[in-house]
Amino acid sequence: MKVICPVCNRLFEAECSPYKEMYNGIVYYFDTEICQLAFRQNPERFVYNCKNSGSQAQ
Ligand SMILES: [Zn+2]
């Protein structure tokens, strides 16, 4: 499964990475441990905003 790392926006195979994180009921995949740690520190900055798009736009 091809996924995009929400931290660095890089496309990679989710099966090739052990780094994933559950947040608000959604599983996020990361290409590196560094990206996973960055997400953990500030998940709100990286979460996908498919629904309610625009409501919190800067
Ligand atoms: Zn990344």
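**View 1. Tyr23 stands opposite Ile26 of strand β4.** This is a predicted model, in which local features need pLDDT of at least 70 and side-chain atom pairs count only at pLDDT 80 or more, while totals for chains, interfaces and linings use all residues. Residues are numbered from 1 along each chain as its sequence is written. Strands β3 (residues 19–23) and β4 (residues 26–30) run antiparallel and are joined by five bridges; two strands pair if DSSP finds at least two bridges between them. The two strands form a hairpin with two residues between them. Asn24, in the turn, has a positive phi of about 55°.

**View 2. The protein has four strands and one helix.** Helices (H or I, at least four residues) and strands (E, at least two) are DSSP runs, numbered from the N terminus. Their order from the N terminus on is β-β-β-β-α. Of the 58 residues, 17% count as buried. A residue is buried if 20 or more other C-beta atoms lie within 10 Å of its own, exposed if 12 or fewer, and partly exposed in between, with C-beta atoms placed from the backbone.

**View 3. The largest nonpolar core has seven residues.** They are Cys5, Tyr28, Tyr29, Phe30, Cys35, Phe39 and Phe46. The elements giving two or more residues to this core are β4 and α1 (33–41), and β4 supplies the largest share, three residues. A nonpolar core is a set of buried Ala, Val, Leu, Ile, Met, Phe, Trp, Tyr and Cys residues joined through C-beta atoms within 7 Å. In soluble globular proteins, nonpolar side chains tend to be buried together.

**View 4. Tyr29 touches Val3, Cys5, Ala14, Ser17, Tyr19 and Lys20.** Residues up to four places away in sequence are not counted here. Two residues are in contact if their C-beta atoms, placed from the backbone, lie within 7 Å.

**View 5. Cys35, Gln36 and Phe39 are the buried residues of α1.** Seen down the axis of α1, these buried residues fall within an arc of 100°, so they line one face of the helix. The arc is that of the directions from the helix axis to the C-beta atoms. The buried residues of α1 pack against β3 and β4. On the other side of α1, Glu33, Ile34, Arg40 and Gln41 are exposed.

**View 6. Glu44 lies in the segment after α1.** Glu44 is exposed, with 9 other C-beta atoms within 10 Å. The C-alpha atoms of Glu44 and Tyr23 are separated by 9.5 Å, and the two residues are 21 residues apart along the chain.
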